[in-house]
Amino acid sequence: MHRNTFGAVVGLAAATLPLTACGGSSSSGTSGEITVFAAASLTGSFTTLGKAFEDENPGTKVTFSFGPSSGLAEQISQGAPADVFASAATKNMDQVVEAGNASEPVTFANNTMEIAVPTDNPAGVDSLDDLTNKDVKVVLCAEDVPCGVSAREVFKNAGITVTPVSNEVDVKSTLSKITLGEADAGLVYVTDVKAAGDKVSGIEIPAADNATTTYPIATLKDSKNADLAKAFVNYVLSDKGAAELATAGFSKP
Amino acid sequence: MLLPALVAALFLLLPLAGLLVRAPWTDLPQLLSEPEVFQALRLSLVCATAATGLSLFFGIPLAWILARSRRPGISVLRALVTLPLVLPPVVGGVALLVALGRRGLVGRYLDEWFGYSLPFTTTAVILAETFVAMPFLVITVEGALRTANQGLEEAAATLGSKPFATFRRITLPLIAPSLVAGSVLTWARALGEFGATITFAGNFPGTTQTMPLKIYLLIQNDPDAGIALSLVMLLVSVAALALLRDRWLSSGARL
């Protein structure tokens with residue numbers, strides 16, 4: 001048993017050795033490794049972009065850590081080894097910039113809210129006003145997370161009061177309550193509706209009432225591979241990056 | 001022996017010490033007087049107590065069957081009903097949702113026939129807590145029943161005592177200490193339940209938002225308040241353990 005474990009550890013070390021060597025040998029130009037901290041809502045599009053970037057720049061490796069922007073910002077301020085930060089909220093990027101950890105953030109995408117309902121739409125929801133009906137089970141993100149703040153902004157803009165049955169911890173759990181058909185409707189990002197495919201239907205919110213979330217991206221001061229980090233940010237900002245983000249449902253800033 | 005034991009004890013106590021040191025003591029009274037916090041604490045206590053009640057009512061008979069039945073398959077049943085002990089709570093929540101949710105195996109009939117759906121209700125919180133906590137009661141009581149002196153029960157039976165009377169007057173007193181210990185464990189586990197609750201019952205102040213849920217959300221925006229409430233939960237748990245220990249556990253079982 002011990003012998004096996006030992007073997008596995010040695011094997012693992014041997015397997016990661018070439019990667020480490022590669023990353024260390026060339027720290028300039030478009031080669032080596034970077035770690036990108038990105039908001040959870042970017043999971044799909046950034047994974048695709050990362051693969052395309054690696055293909056176009058042989059010898060590079062992009063590793064992602066996806067999570068809530070607030071958590072990622074906190075990790076960066078605690079000294080987490082990251083090269084690029086892509087946030088779903090200006091607020092969290094500002095924190096990182098103020099702490100002196102990032103430089104010149106650029107807004108690369110916008111996201112708006114949409115009403116999501118189960119495909120069979122059991123409560124017959126087709127507008128924001130329907131959400132005020134007491135018989136409609138509405139789920140929202142909690143006010144403590146960005147999607148919850150945006151949802152309340154939409155209601156405020158529309159001048160309506162909505163009492164949800166649940167304040168979910170994040171946008172994904174809000175969406176899953178709708179996907180499973182337990183809730184009749186909820187407010188999530190346009191990109192989440194798109195990512196859910198045919199499991200939910202989206203109902204557009206009039207532009208005048210909608211709330212926009214902006215996504216800034218920046219390279220981090222402590223990056224060990226600043227050139228590669230810069231190259232990746234440029235790639236996200238390029239036409240190819242914009243096209244991939246548009247596919248996911250993000251709009252241009 | 002001593003060193004690893006010391007490391008173990010330190011490791012278990014260190015996070016608690018951290019809470020004590022970091023807690024914003026001066027803000028505590030003000031935090032506790034906030035309606036949402038008080039509501040969450042009250043809901044936590046009510047639901048954990050209800051879950052313990054349900055566990056006692058249904059769990060004791062189950063423990064009895066598991067301990068005394070000689071039927072084939074009983075060991076498989078024992079393994080299955082203790083599954084929630086090792087199952088990640090969030091998986092328990094998902095399982096409850098697909099079984100009792102509005103579109104669930106059984107839940108859809110609740111909705112079709114009575115227009116009632118469990119998710120997002122206080123009942124759902126109690127059920128989620130019972131699901132994860134009842135196995136603690138079942139295995140504690142089952143263990144006690146196995147080691148209890150069956151000779152006494154048999155003697156009572158030969159003297160003409162009916163089965164339920166025997167159970168109430170002989171068996172229950174015999175396993176009382178384990179019953180108390182099991183109830184406390186069950187209550188404490190129910191009180192701390194998070195994953196199954198948030199998955200199955202959702203989170204709404206006054207209805208489904210228990211303390212662990214409130215703390216989880218507070219930590220994202222107001223860490224100090226989150227730490228303070230964590231401390232409150234710690235104190236409530238310690239108080240429960242201490243109180244029950246002094247009051248009910250004399251010589252027999254120790255927690």
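A:Ser223 is buried, with a relative accessible area of 13% (buried means under 20%, with a 1.4 Å probe and protein chains only). The residue belongs to a predicted model, in which local features need pLDDT of at least 70, side-chain atom pairs count only at pLDDT 80 or more, and totals for chains, interfaces and linings use all residues. Residues are numbered from 1 along each chain as its sequence is written, chains are lettered from A and ligands numbered from 1 in the order in which they are written, and side-chain values use heavy atoms, without hydrogens and water.

A:Ser223 sits in the loop between strand 9 and helix 8 (226-237) of chain A; helices (H or I, at least four residues) and strands (E, at least two) are DSSP runs numbered from the N terminus. Its side chain reaches the backbone nitrogen of A:Asn225 at 3.1 Å. A polar atom of that side chain also lies 3.4 Å from the backbone nitrogen of A:Ala226. Beyond its neighbours within four places in sequence, A:Ser223 is in contact (heavy atoms within 4.5 Å) with A:Ala82, A:Asp83 and A:Ala229.

Of the 253 residues in chain A, 45% are buried. Among its contacts between residues at least 6 apart in sequence, 78% join residues at least 24 apart.

Chain A exposes about 11900 Å², an area that comes from the Shrake-Rupley method with a 1.4 Å probe. Carbon and sulfur atoms supply 54% of this area.

Notes: Buried means under 20% relative accessible area, exposed over 50%, partly exposed in between (1.4 Å probe, protein chains only). A polar contact is a pair of N or O atoms within 3.5 Å; within protein, one must be able to donate a hydrogen and the other to accept it, and residues adjacent in sequence count only if both atoms are side-chain atoms.
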